[in-house]
Amino acid sequence: MTKADLIEKLAEKAPQLSRRQAELVVNTIFDSIRDSLKRGEKTEIRGFGSFRLRHRQTKEGRNPKTGESVSVPEKRMPFFKAGKEIKELLNPELPSV
């Protein structure tokens, strides 16, 4: 599913919203999640999942072409963790704990 598909679904489910308004809603949600990650904050959407940052330490890597050792700098990576309801929806045969 693409962002355009999400906008279309929202416009269908909420007929009082125009396609342009639905696009504004979807963009606002994505912008809010992006901004909270940029500030180092966690975003949690109950029943869906949470977005957070993971820090990767500096490490030594190899250039696959030359085999030469190179330093890979530390970086922050976005991470999504699915919520309980999504996990149960995708794996109905697993017992609830």
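Guide: A residue is called buried under 20% relative accessible area, exposed over 50%, and partly exposed in between, with a 1.4 Å probe and protein chains only. R46 is exposed, at a relative accessible area of 73%. The model is predicted, so local features need pLDDT of at least 70 and side-chain atom pairs count only at pLDDT 80 or more, while totals for chains, interfaces and linings use all residues. Residues are numbered from 1 along each chain as its sequence is written, and side-chain values use heavy atoms, with hydrogens and water left out.

Visitor: How many salt bridges does a search of the whole structure find?

Guide: A salt bridge requires a side-chain nitrogen of Lys or Arg within 4 Å of a carboxyl oxygen of Asp or Glu. The search finds 5. Among them, E44 bridges R46, with the closest N and O atoms 3.0 Å apart, and the side chains of K42 and E44 also meet, at 3.7 Å from N to O.

Visitor: Are K42 and E44 buried, partly exposed or exposed?

Guide: K42 is partly exposed, with a relative accessible area of 46%, and E44 is likewise partly exposed, at 43%.

Visitor: Which residue does E41 meet in a salt bridge?

Guide: The side chain of E41 meets that of R39, at 3.0 Å from N to O. E41 is partly exposed, at 39% relative accessible area, whereas R39 is exposed, at 54%.

Visitor: In what order do the strands of the open sheet lie?

Guide: Strands of a sheet pair through backbone hydrogen bonds, either parallel or antiparallel. Helices (H or I, at least four residues) and strands (E, at least two) are DSSP runs, numbered from the N terminus, and two strands pair if DSSP finds at least two bridges between them. Here 3 strands form an open sheet in the order β1-β2-β5, with antiparallel pairing. The edge strands, each pairing on one side only, are β1 (43–45) and β5 (75–82).

Visitor: How many bridges join β2 to β5?

Guide: Strand β2 (residues 49–56) is joined to β5 by 8 bridges. Within this pairing, R52 has F79 of β5 as its bridge partner.

Visitor: Which helix lies across the strands?

Guide: Axes are lines fitted to C-alpha atoms, for helices over the stretch in contact (heavy atoms within 4.5 Å), and angles run from 0 to 180 degrees between N-to-C directions. Helix α2 (residues 19–38) lies across β1, β2 and β5, running at about 35° to β2.
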